[in-house]
Amino acid sequence: MARAITIPKLGLTMEKATIVTWMKEEGGRVEKGETICIIETDKINFEIESPEAGILIKILAKEGAVLPVGEIIAVVAKEGETFDIDTVIKQAKEVKAPLEERPSEIPIAISPSGPREERRETKASPLARRIAEEKRVDLEGIRGTGPGRSITKEDVLRAFEERTAGSLQISKKIPLKGIRKAIAERMILSWHTAPRVTQVMEVDMTEAVRFRDEHRSNWEAQGVRVSLNDILIKVMSQALREVPEINSSMKGDEIEVYGNVNIGIAVATERGLIVPVLQNTHRKSLVEIARESSVLIQRTQDGKIGPDDLKFGTFTITNLGAYGIDLFTPIINQPESAILGVGKLDRKVKVIDGDKIAIRWVMNLCLVFDHRVIDGASAAQFLSRAREILENPNQLKELL
Amino acid sequence: MEGKTFDLIVLGGGPGGYSSALWAAMKGLKVCLIEKEKLGGTCLNWGCFPTKSLIRDSQLFSELKSSEYLEGEIKLNFGKVMERKDKVVAPLIKGIETVLINRGVAIIEGNGRLVDPKNLIIQKKDGTGVTIKADRLILATGAKLDPSPFRIDGDKILSSRDALSLKALPKSLAIVGCGRRGIEFGTIFRGFGCDVLLVEKGDRILQKEDGEISHRLRRILTLQGIKIMLHAEAVGTKISEEENLILNLETRDGEKQIEVEKVLIPGKRLGDTEGLGLEYVGIETKDGFIRVNTTLETSVPGIFGVGDVNGKGFLAHKALMEGIASVDQFTGKSMKNDLRLLPRCTYTNPEVGSIGLTQREAEEAGEEIEVGKFPMGASGRAATLGQGEGILKIIFGKKYGEVLGVHILAPQATELIALGSLAMRNEMGIEELKAAVYAHPTLSEAFFEAALDVRGEAIHFLRSGVE
């Protein structure tokens with residue numbers, strides 16, 4: 001009886017194949033097991049053999065054609081057999097499904113692996129098959145360690161891991177939107193706008209720590225906890241007033257120098273980095289700054305701030321000391337001209353009073369500034385002034 | 001036999017020892033097996049087989065005795081029952097000896113002691129000594145009872161061995177611990193008509209089993225007249241002024257004293273390594289057991305620890321498979337058997353058979369699961385056996401439907417569990433269980449029904465019928 005030859009399913013994930021070349025011409029004689037066509041799938045060539053001896057009556061696919069699994073590509077019939085070719089094709093189409101159950105109808109030899117070999121059925125446990133299908137792992141070639149060398153769940157998982165080793169395993173995809181998108185855009189803008197310079201200055205914080213500890217109970221009596229960050233906000237506000245070019249923005253052809261100081265505080269939230277702004281800190285007392293900043297930070301973390309809380313910043317402070325960072329170079333929060341990165345407050349051995357060794361509280365202040373607007377000398381002057389206040393007990397007292 | 005050299009010496013003639021010896025001999029090795037007491041070990045002499053013989057007689061007696069439609073007087077001849085047990089075991093032990101000899105295994109009766117990793121001195125039963133030598137050594141010396149805080153006297157305070165050689169049936173018996181062995185002994189003696197009290201310090205019997213199984217079994221045992229005290233720790237015994245035995249218990253309601261004829265201590269187990277000379281060759285032990293790695297090798301290369309003595313569980317089939325697996329190791333084959341999948345059997349009435357994870361273990365391991373159940377009350381075959389109590393419950397992985405655990409409380413559960421073992425070893429799931437045909441009426445149909453039950457499609461019962 002005439003037989004239709006179809007594209008065989010050679011692997012779980014195989015869906016289509018390309019006709020590479022016909023080894024036989026239409027109308028030519030074929031022997032049983034003789035290669036009549038070579039197809040390619042997943043970069044591997046397979047030879048399709050004739051299921052019986054006879055004549056290759058009809059070739060239905062051109063070389064180079066990409067065809068789905070199960071598609072009829074040729075018809076072979078015995079010599080002298082009479083039949084209606086359309087009926088044969090029609091019947092073949094009717095039995096097309098289910099494909100998996102009849103892959104052996106056409107013997108397949110794999111090339112270039114050498115001589116024709118009977119394709120061995122892959123032995124795998126039902127669970128291994130299910131996992132392989134889901135993870136799109138080809139069972140062929142996996143070494144089975146189960147009963148009778150059947151492939152087990154562990155074998156499939158090992159193969160999957162080996163396959164994915166050295167590549168990226170995406171655990172989830174986060175759409176770039178909302179705050180994340182805003183952060184990304186603003187960072188790119190800043191990076192491509194401001195030619196920046198970083199200056200790092202080590203500050204002896206021993207007096208500042210003492211100042212805070214001495215007044216703590218007094219502040220607590222007023223219902224406020226004053227942090228070193230609050231002291232820094234106050235000190236920076238004062239230094240910014242004294243070196244006003246740091247407290248400025250480049251707007252088009254002009255540099256705007258601001259009369260008031262609005263300090264942005266970088267806050268890490270679950271949704272991402274947010275920088276709320278504490279307004280007019282130059283006019284506020286340390287206690288006012290402490291009270292307002294704690295409310296502002298809390299509202300930010302709770303996701304309860306509005307657009308107005310983010311506006312009109314003139315300078316930003318970001319503190320990674322709590323994370324153990326010694327120094328870092330933050331990116332300027334445009335359109336501001338400078339940002340202060342605060343490092344870890346730590347006890348270190350220092351030389352003081354000329355030639356004495358002492359254990360002191362030490363911290364790095366890292367100033368990143370826009371060199372279009374600010375020159376190195378001004379920036380250094382600004383940092384020096386801030387250090388002077390922080391290291392001097394009398395000047396600290398004036399913050400009160 | 002002075003100075004004789006072997007390829008393998010096996011110490012211990014229980015299931016772990018004789019399976020290793022036979023397997024190695026079949027692979028062409030020259031093997032010597034040393035047994036200090038009786039071939040067959042605990043399993044044949046003082047464990048599995050004697051108790052199974054007694055359980056059968058005990059069940060037969062109690063069923064006949066309590067039958068509402070079989071008439072005539074049934075009397076227990078306890079002595080004959082004990083005799084039958086010995087008659088059952090004797091040819092089995094002889095059989096093992098015959099197979100060993102026919103496979104060419106040299107058997108020496110005596111105590112073996114390691115001199116170095118390859119040389120042993122054997123103190124033979126007749127008092128003479130020999131030294132033998134081998135490249136490989138398998139230690140399969142089993143486990144022994146740790147009765148603490150009790151002292152076994154063989155009369156009032158009994159070990160399992162003592163209980164198996166009783167001359168007369170005690171009127172009352174307290175059993176300390178509701179593990180597999182405690183409950184089996186309870187079932188045996190209750191069946192013969194003895195008053196049985198099971199004392200358990202934990203909150204349920206058969207702690208290793210699925211909670212649902214142990215709760216159901218507890219109810220059944222109670223209905224059979226076995227008293228079970230939970231949250232009760234047996235702390236000691238004393239003799240009252242009237243010369244009666246008193247068992248002291250600490251319970252949640254304070255201390256209690258129970259008057260009882262005998263107390264049975266199935267007890268904890270410790271590795272039986274005394275006199276082996278482990279310390280001379282540096283074989284590490286932990287908590288009384290020989291330490292082995294995943295391939296059963298001890299801290300000394302070439303020496304393996306098989307069965308109870310490695311402390312990884314006290315099951316004859318574990319020892320048997322470990323014996324084969326350890327020989328496969330040094331004959332160059334990797335382990336074929338997944339020794340993590342061990343069926344657990346308790347020969348009560350009905351029986352308990354289980355394998356794999358309990359529902360709780362699966363949940364605690366973070367597995368997403370589906371549970372299929374079939375109550376034996378809905379099984380026609382169970383009804384014909386007059387045993388409608390019990391349940392078969394299968395834990396499936398939700399994503400792939402694979403079997404994670406099988407828990408059976410049913411007549412012949414210890415046979416039925418083989419299906420679970422087969423399914424799990426071959427990583428089958430709901431679909432495979434549903435695809436097979438089960439003879440009707442049989443108890444095994446419960447597998448089909450439980451698999452169908454996952455989708456609420458069981459044939460012979462409605463899901464609301466399961467508690």
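A residue is buried if 20 or more other C-beta atoms lie within 10 Å of its own, and exposed if 12 or fewer do. I keep that cut-off at hand for these entries on a predicted model.

**Entry: B:Leu8**

I started with B:Leu8, which sits in strand β1 (residues 4-11) of chain B. Is B:Leu8 buried or exposed? I found 27 other C-beta atoms within 10 Å, so B:Leu8 is buried. Next I looked up what B:Leu8 touches, leaving out residues up to four places away in sequence. The list reads B:Ala24, B:Leu29, B:Val31, B:Ala134, B:Arg136 and B:Ile138. I then followed up B:Ala24, which is 16 residues from B:Leu8 along the chain. Their C-alpha atoms are separated by 7.8 Å.

**Entry: chain B as a whole**

I stepped back to the whole of chain B. The chain has 467 residues, and 46% of them count as buried. I noted 14 helices and 23 strands. I also looked at contacts between residues at least 6 apart in sequence. Of these, 64% join residues at least 24 apart.

**Entry: two helices of chain B**

Two packed helices are described by the angle between their axes and the distance between the axes. I looked up both values for helix α1 (residues 15-26) and helix α4 (residues 78-102) of chain B. The axes come within 9 Å and cross at roughly 25°. Angles under 35 degrees count as roughly parallel, so α1(B) and α4(B) are roughly parallel to each other. The crossing of α1(B) past α4(B) is left-handed.

Which residues of α1(B) and α4(B) meet? From α1(B) I noted B:Tyr18, B:Ala21 and B:Leu22. From α4(B) I noted B:Ile96, B:Val99 and B:Leu100. By class, this contact has 6 nonpolar residues, no polar and no charged.

**Entry: cis peptide bonds in chain B**

I looked up two cis bonds. The peptide bond from B:Ser148 to B:Pro149 is cis, with omega near 5°. B:Pro149 lies in the loop between β6 (143-146) and β7 (157-158) of chain B. The bond from B:His440 to B:Pro441 is also cis, with omega near 0°. I placed B:Pro441 in the loop between α13 (430-435) and α14 (445-453) of chain B.

**Entry: positive phi in chain B**

B:Glu243 is not a glycine, yet its phi is positive, about 70°. I found B:Glu243 in the loop between β11 (233-239) and β12 (245-251) of chain B. B:Glu243 has 6 C-beta neighbours inside 10 Å, so this residue counts as exposed.

B:Glu427 has a positive phi of about 55°, and is not a glycine either. The residue is in the loop between α12 (413-425) and α13 of chain B. Is B:Glu427 buried or exposed? I noted 26 C-beta neighbours inside 10 Å, so B:Glu427 counts as buried.

**Entry: a sheet in chain A**

I turned to chain A. An open sheet of 4 strands there runs in the order β1-β8-β6-β3, with antiparallel pairing. Its edge strands are β1 (3-6) and β3 (29-30), each pairing on one side only. I then checked strand β6 (residues 54-59) against strand β8 (residues 72-77) of chain A. They pair in the antiparallel sense over 4 bridges. A:Lys58 stands opposite A:Val75 in β8(A).

**Entry: where the chains touch**

Last, I looked up the contact between the chains. How many residues does each chain bring? Chain A brings 9 residues and chain B brings 9 residues. On the side of chain A, helix α2 (residues 126-135) gives the most, with 5 residues. By class, that side has 5 nonpolar, 2 polar and 2 charged residues.

Technical notes. Residues are numbered from 1 along each chain as its sequence is written. Chains are lettered from A and ligands numbered from 1 in the order in which they are written. This is a predicted model: local features need pLDDT of at least 70, side-chain atom pairs count only at pLDDT 80 or more; totals for chains, interfaces and linings use all residues. Two residues are in contact if their C-beta atoms, placed from the backbone, lie within 7 Å. Ala, Val, Leu, Ile, Met, Phe, Trp, Tyr, Cys and Pro count as nonpolar, Asp, Glu, Lys and Arg as charged, and the others, Gly among them, as polar. Axes are lines fitted to C-alpha atoms, for helices over the stretch in contact, and angles run from 0 to 180 degrees between N-to-C directions. Angles under 35 degrees count as roughly parallel, over 145 as roughly antiparallel, 65 to 115 as roughly perpendicular and the rest as oblique. A crossing is left-handed if the near helix is turned anticlockwise from the far one by less than a right angle, and right-handed if clockwise. Two strands pair if DSSP finds at least two bridges between them.
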